[in-house]
Amino acid sequence: MESLGVLLTARIDPYLEAELDRRFKLFRLWELPPAQRREFLRENAEAIRAVVGSPALGADAEMIDLLPRLEIVANFGVGLDKVDLRRCRDRGVRVVYTPDVVTDDTADLAIGLAIAAMRRICDSDRYLRDGSWKGKGDYKLTSKFSGKTVGILGLGRIGQAVAKRAEGFGCPICYCSRSEKRHTNYKYYPSVLELAANCQVLVVACPLTEETHHIINREVIDALGPNGVLVNVGRGPHVDECELVSALLDGQLGAAGLDVFEHEPHVPEQLFGLDNVVLVPHIGTDTLETSKAMADLILENLEAHVSNRPLLTPAF
Amino acid sequence: MALGSEAQGRRGTERPQLLLLRPPLSVLHEALSARFQLLRPWESPLPFDRFLAAHAAGVRALLVTGLASVDGPLLDALPALRFIVTTSSGVNHIDLAECARRGIAVANAGTIFSLDVADYAVGLLIDVLRRVSASDRYVRRGLWPRAGDYPLGSKLGSKRVGIVGLGSIGSEIAKRLEAFGCSISYFSRSRKPQVPYTYFPSVGDLAAESDVLVLSCALTEETYHIINRDVMSALGKDGIIINVGRGALVDEAELVKHLMQREIGGAGLDVFEHEPAVPEELFCMDNVVLSAHFSVETLEMSTELCQLVIANLNAFFSNRPLLTPVSARTRSYYS
């Protein structure tokens with residue numbers, strides 16, 4: 001049986017790349033300049049039966065259509081917004097992804113971003129490295145994290161993990177989700193606007209869909225207010241970024257911890273001078289341990305696919 | 001002279017005299033001015049010693065802010081002193097033995113800082129492991145579009161965390177980190193049978209079985225440089241040290257050497273041996289997070305602190321029990 005032809009869209013992870021190369025026939029899309037990629041896909045369409053995609057570059061309708069022998073898309077991550085799921089379903093293409101293994105890291109970072117933003121950890125570090133130590137009387141007092149009400153948008157695996165961690169700090173938890181989760185004791189709000197009005201730290205942890213695009217709009221940001229903190233470990237397009245920048249510059253929003261942006265890797269430069277924001281480059285699952293776990297899950301799913309065994313983590 | 005001062009104080013105002021050594025935070029300053037007759041040596045043209053001789057002979061209460069030292073010679077200059085209140089939880093800057101000898105009561109900030117310090121310790125640990133500050137610097141330098149993704153960090157869950165000093169702050173840190181999936185062990189002056197964590201009888205043993213050491217104990221003669229070269233070696237080259245206690249808990253020169261030689265994995269430091277001096281070798285390291293003794297500086301804390309300081313002063317001046325007296329029992333909070 002011919003070796004599975006696997007298209008890797010981006011240079012995600014050296015271990016994953018090496019293993020794909022060892023076990024299958026690997027095609028490296030990023031080695032081609034963008035203008036030549038369509039042609040590359042056409043030339044290798046007979047061989048490519050699998051695509052491994054990332055949050056940066058997934059499998060959109062055009063790519064799926066260029067690959068008539070495509071059988072499976074493996075998404076390196078739990079967010080599936082860069083995979084055209086409808087097209088995959090229509091074409092009978094299977095989709096696998098990496099839930100669960102990403103939960104802890106993402107939740108850890110959400111709390112880390114909240115504390116860093118509210119307690120100005122990065123700003124203090126930056127200040128020391130600049131060679132000055134602010135006199136205690138001079139420094140703006142920061143905002144306590146313990147006991148603040150944490151509102152979670154999306155109470156899935158990641159949202160629940162955030163809640164569990166925040167509870168360790170004595171934070172009351174509330175949430176907004178597509179449906180109420182009766183098995184929890186957390187307060188439910190049916191709209192994100194009500195959630196924002198009733199919490200002090202709002203954490204975005206839901207999937208990006210048409211419905212949740214710009215779900216954090218100006219009205220929600222204003223409801224969160226000048227003492228509120230926005231933490232985004234979801235996707236950049238969850239937030240109306242222009243409005244967020246303007247609110248932060250005007251002092252209408254207290255602080256923000258952001259792992260994701262609308263146009264990665266570009267981050268609005270107007271934020272660079274602010275001491276009440278933390279800006280990190282989509283590192284939500286970027287640990288050695290989790291990257292390996294994600295890669296192994298992708299590899300095991302592909303092996304299962306070629307050996308006609310059940311997929312471990314199908315998306316549908 | 002003393003009688004004269006007190007009489008003058010009574011004629012001028014009903015408010016008791018309170019000596020300050022340094023300007024306090026403005027919110028505290030305001031609250032104190034309304035209730036006490038403040039002696040502010042920094043506003044006087046007189047040198048400090050002469051100010052005390054001229055104005056503080058009758059003063060019975062002293063407020064210590066900013067960890068200013070209180071030693072024998074200072075106490076000699078304040079013959080009427082009977083009460084010292086410090087705005088810190090740590091009391092290593094006050095000669096407690098001398099105070100006891102002279103019958104001077106001491107009050108500190110008790111445990112009001114514990115939550116904020118615990119939050120900060122967790123924040124520092126996540127920052128070090130996940131490179132939050134380092135990658136924030138990377139983004140602000142415009143490197144993400146130019147140099148690509150930031151290198152991988154390390155997962156917090158399943159890390160073995162060793163807490164040095166399981167007092168009020170250490171306990172709050174333990175509770176928080178458990179929720180992240182860390183396993184907790186500790187070293188303390190004595191085993192605490194009521195806690196579910198593993199006890200180690202020495203810091204070296206604790207370090208050998210830990211991936212992270214968090215320092216949340218008091219600075220005493222016994223704990224000076226308790227984190228020394230041997231402990232760092234036991235912790236190992238991937239080990240992380242988080243210090244929210246006192247700088248001198250750590251042999252700082254050794255730590256810098258270990259970091260430079262990559263014989264330790266990283267550090268989150270809120271305190272240093274010779275504040276405000278920070279070893280400059282640390283400034284270029286991405287596996288280190290530095291902060292300016294900041295772990296207690298929240299708006300909420302400052303309000304509580306004012307209330308506590310004033311409550312302690314009121315208690316002293318009306319002969320009622322202090323709210324947060326420093327005694328042998330209090331010191332055991334931290335070790």
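**Note on the chain A and chain B interface**

1. Nine salt bridges are found across the interface of chain B and chain A, a salt bridge being a side-chain nitrogen of Lys or Arg within 4 Å of a carboxyl oxygen of Asp or Glu. One of them joins the side chains of B:Asp116 and A:Arg119, at 3.9 Å from N to O.

2. This is a predicted model, in which local features need pLDDT of at least 70, side-chain atom pairs count only at pLDDT 80 or more, and totals for chains, interfaces and linings use all residues. Residues are numbered from 1 along each chain as its sequence is written, chains are lettered from A and ligands numbered from 1 in the order in which they are written, and side-chain values use heavy atoms, with hydrogens and water left out.

3. The rule also finds 27 residue pairs in polar contact across the interface of chain B and chain A, both residues at pLDDT 80 or more. A polar contact is a pair of N or O atoms within 3.5 Å; within protein, one must be able to donate a hydrogen and the other to accept it, and residues adjacent in sequence count only if both atoms are side-chain atoms.

4. On the side of chain B that touches chain A, the elements giving two or more residues are α6 (114-130), α7 (132-140), α8 (143-147), α9 (168-178), β12 (288-290) and α13 (299-317). Helices (H or I, at least four residues) and strands (E, at least two) are DSSP runs, numbered from the N terminus. With 10 residues, α6(B) gives the most to this side.

5. The contact (heavy atoms within 4.5 Å) takes 58 residues from chain A and 56 from chain B. Chain B and chain A bury about 5,100 Å² between them, 61% of it on carbon and sulfur atoms; buried area is the accessible area (1.4 Å probe) that two parts lose on being put together, summed over both. B:Arg130, B:Arg140 and B:Trp144 supply 17% of the area that chain B buries against chain A, more than any other three residues.

6. Two cis peptide bonds deserve a look. The bond from A:Glu264 to A:Pro265 is cis, with omega near 5 degrees, and A:Pro265 sits in the loop between β11 (255-258) and β12 (277-279) of chain A. The bond from B:Glu275 to B:Pro276 is cis, with omega near 5 degrees; B:Pro276 is in the loop between β11 (266-269) and β12 of chain B.

7. B:Arg131 is not a glycine but has a positive phi of about 60 degrees. B:Arg131 lies in the loop between α6 and α7 of chain B.
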